[in-house]
Amino acid sequence: MTDNYKDHKQMPQFPEPYWRESAELPRFNQLKEDIDVHIAIVGGGISGITTAYLLIKEGFKVAMIDAGNLLNGTTGHTTAKITAQHGLIYDELISNIGEEKARNYYDANIEAMKFIQSTIQENHIDCDFSEEDAYIFTNDDQYVDKLKKEIEAYRKLGINGEFLESLPLDFSIKAAVKMNNQAQFHPLKYLKKLIEDITNQGGLIFENTTAVRVERGDRPIIYTRDGHAITCDQLISCSHFPFYDGGFYFSRMYAERSYVIAVKTEKEYPGGMYINAEQPTRSLRYTMYNGEKLLLIGGENHKAGQGIPTIQHYEALEEFANETFGIKDYLFRWSTQDLTTLDKIPYVGRISSGKPNIFVATGYRKWGMTNSTAAALLLRDLIIQKENRYEELYTPSRFDAEPSVKNFLIQNADVAKHLIEGKLEYALRSADDLENDEGSVVNVDGKRAGAYKDEKGEVHLVDTTCTHMGCEIEWNSGDRTWDCPCHGSRFSITGEVIEGPAKRPLKKIDPI
């Protein structure tokens, strides 16, 4: 915890996303018996819910389970931009995989956006949907040429966009690229309607139901932590990190955290969705809150479990908001984590050629609203054996020589570096040194341990060795969690798994 954190009177004490505070979702029971279904879906985010919604319409008996509550993961912590503008991606895709596949990536995401829009219109969903232009901008001379290459990629791919030297915002820039006619919405209000349709049509949903292993075969069987079995014809892993890793996904993706603050501003926000090209990232959009515009400012991304104390990322966003728009009221803050694949394209499809009835959808690179919807549409087509031109683009078994090999080596060298450094680090502090509401790596009887002293002064001690592959976890001061710098697993102050790939909790240590 930084010294000046205590001076931030405006900052909400605990992270809580606006979306979850402003939408009342139904709650579901834990699975308490063995069941048999056509389709079993693991993961209750936008991917799992949309896939269940589509397959129910095809006449399948579907069961969906989530280890916690629905929409409490990445979907519930998004900025909820519905756009095919995913940063500076199209010039890079053309260079790496060619124009045809780059165009397919754009088309898949535009089709996903249109699906969301038509679903909202057909079902009269009140979810704060609005069409907005999307902008990438820069104030860095080195990125001006990159933006020029990006707009050229737009022209090659037939993307409706423009190159600009100014923005509707009240600050100067050096260059920008605009993608016209994109959108934004309230994701939980949208998905609430899909959940209602799933249950109304006989779909089964279970919360607080953790899948721990799979018995493969002609009809896969999922076993839950409580010993119950779900037998199915087809199994789909839509959990953030695949709960069943049949393709060494921990070595083919890396986790990044990013942060969002929600503020009322002194200056009027003109509308539109914005993100800068350079680091640190600054992402902007608004949503309506009690009749006023609430500005969402995101960014400050970094690899999970690495970098500066995480509370400082919130502070940096607050400083940017205050300097640029003026903060009238600071209402919410939250963070999120998402996975990036080796070539920046999600893995969607059969988990491997040898397991034709087990599917996976993951690796959305923080652009989950369209990527996850595109994934659901593809998964539906694969299961009903309907041709889908995006199957090859997204297939999890792909491994392009460039940039996959390079990124595979870079990411796994980083994992090895943090594994070794963590083992060599010697903790100088003791649990007695901590103030209330502070966490840190400490020394307990000469060994490394994780300690958090709560607001009542009670100390919670855990073993700092991640239960996934043995890396040493680090304290996340912004969200009060223990995070693994190797593969992005996250644990609560008492060691419970918040996010995989770890499946087992941290070992608790009794206070001395």
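**Entry 1: strands around E6**

Two strands pair if DSSP finds at least two bridges between them. Strands here (E, at least two residues) and helices (H or I, at least four) are DSSP runs, numbered from the N terminus. With that settled, I looked up strand E4 (residues 130-138) and found eight bridges joining it to E6, the two running antiparallel.

Before going on, I noted what I am working with. This is a predicted model, in which local features need pLDDT of at least 70 and side-chain atom pairs count only at pLDDT 80 or more, while totals for chains, interfaces and linings use all residues. Residues are numbered from 1 along each chain as its sequence is written, and side-chain values use heavy atoms, with hydrogens and water left out.

Back to E6. Tyr135 has Lys178 as its bridge partner in E6. I then found strand E5 (residues 161-164), which is joined to E6 by four bridges, also antiparallel. There, Phe163 stands opposite Val177 of E6. Strand E3 (residues 81-82) pairs with E6 in the antiparallel sense too, over two bridges, and Ile82 has Ala183 as its bridge partner in E6.

Is E6 enclosed or open? I checked burial, where buried means under 20% relative accessible area, exposed over 50%, and partly exposed in between (1.4 Å probe, protein chains only). Nine of the 10 residues of E6 (residues 175-184) are buried, so the strand is largely enclosed by the rest of the structure.

**Entry 2: the nonpolar cores**

Next I looked for nonpolar cores, meaning sets of buried Ala, Val, Leu, Ile, Met, Phe, Trp, Tyr and Cys residues joined through side-chain atoms within 4.5 Å. The largest one has 88 residues, and the members that touch the most others are Tyr90, Phe185, Tyr190, Ile236 and Tyr394. Helix H4 (residues 99-123) gives this core its largest share, 10 residues. Apart from this core lies another, of 26 residues, including Ile35, Val42, Phe206 and Phe243.

Which residues does Tyr190 touch? I counted contacts as heavy atoms within 4.5 Å. Leaving out residues up to four places away in sequence, Tyr190 touches Phe115, Ile116, Thr119, Ile120, Ile125, Cys127 and Phe185.

**Entry 3: cysteines**

A disulfide is a covalent bond between the sulfur atoms of two cysteines. I took any pair of cysteine sulfur atoms within 2.5 Å as one, and the count came to one disulfide. Cys471 is joined to Cys486, with 2.0 Å from S to S. The link of Cys471 and Cys486 is left-handed, with -95° about the S-S bond. Cys471 sits in the loop between strand E20 (459-463) and strand E21 (474-476), and Cys486 in the loop between strand E22 (481-483) and strand E23 (490-491), so the pair ties together parts that are 15 residues apart in sequence. Cys471 counts as buried at 2% relative accessibility, and Cys486 counts as buried at 6%.

**Entry 4: salt bridges**

Side chains of opposite charge can pair when their charged atoms come close. My rule for a salt bridge was a side-chain nitrogen of Lys or Arg within 4 Å of a carboxyl oxygen of Asp or Glu, and the count came to 30.

I looked up three of them. Glu99 forms one with Arg103, with the closest N and O atoms 3.8 Å apart. Both residues lie in helix H4, four residues apart, about one turn of the helix.

Arg389 and Asp107 meet in another, at 2.9 Å from N to O. Arg389 lies in the loop between helix H8 (368-383) and helix H9 (391-394) and Asp107 in helix H4, so the pair ties together parts that are 282 residues apart in sequence. Arg389 is partly exposed at 46% relative accessibility, whereas Asp107 is buried at 19%.

Last, Asp233 forms a salt bridge with Arg219, the closest N and O atoms being 2.7 Å apart. Salt bridges that share partners join Asp36, Arg219 and Asp233 into one network.
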